[in-house]
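Dear colleague,

Please find below the structure I promised to hand over, together with its sequence. A short account of the findings follows it.

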Amino acid sequence: FTDGVMNVGPYKGQKVSEVKNIIKNEMIGAGNAILYSEPERQVMSRSGDECVVALTDQWYLTYGEQEWKEATQQCLAKMETWDAHA
């Protein structure tokens, strides 16, 4: 991708290396792409296990969200989280 030249589109005739970031930003801005990176070599955990990298559709909790906080507190109020034998 460093020596190639674009054959079609609005960047026809320009070096790929010159327009790569421009096109990337355009695609991300239009919602047609996401940033994604993969490790360049095998990744090992501290315990010596091989790590598997995968692109997943993740979701995150917004801890300050009042509705989520209230639902969590109601759930926790019904739970027994202490054990005399522990």
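Helices here are DSSP runs of H or I with at least four residues, numbered from the N terminus. Please bear in mind that this is a predicted model.

With that numbering, Leu-55 lies in the loop between α1 (16-29) and α2 (66-77). Leu-55 is exposed, because its relative accessible area of 53% is over the 50% cut-off. Leu-55 also belongs to a nonpolar patch on the surface, which it forms with Ile-34, Tyr-36, Val-43 and Val-53. Together, these residues have about 450 Å² of accessible area.

Tyr-11 is found in the segment before α1. Its relative accessibility is 16%, and Tyr-11 therefore counts as buried, the limit being under 20%. Leaving aside residues up to four places away in sequence, Tyr-11 touches Met-6, Val-19, Ile-22, Ile-23 and Glu-26. As for Met-27, which is 16 residues from Tyr-11 along the chain, the C-alpha atoms of the two are separated by 14 Å.

The cysteines may also be of interest to you. A disulfide is a covalent bond between the sulfur atoms of two cysteines. How many disulfides does the structure hold? The number is 0. Cys-51 is partly exposed, with a relative accessible area of 32%, and Cys-75 is likewise partly exposed, at 43%. Both are placed in that class because their values fall between the 20% and 50% limits.

Yours sincerely

Terms used:
Residues are numbered from 1 along each chain as its sequence is written. This is a predicted model: local features need pLDDT of at least 70, side-chain atom pairs count only at pLDDT 80 or more; totals for chains, interfaces and linings use all residues. Side-chain values use heavy atoms; hydrogens and water are left out. Patches are made of residues with over 30% relative accessible area and no salt bridge: like charges are joined within 9 Å, nonpolar side chains (Val, Leu, Ile, Met, Phe, Trp, Tyr) within 5 Å. Accessible areas come from the Shrake-Rupley method with a 1.4 Å probe; for residues, only the protein chains shown count as cover. A salt bridge is a side-chain nitrogen of Lys or Arg within 4 Å of a carboxyl oxygen of Asp or Glu. Helices (H or I, at least four residues) and strands (E, at least two) are DSSP runs, numbered from the N terminus. Buried means under 20% relative accessible area, exposed over 50%, partly exposed in between (1.4 Å probe, protein chains only). Contact means heavy atoms within 4.5 Å. A disulfide is a pair of cysteine sulfur atoms within 2.5 Å.
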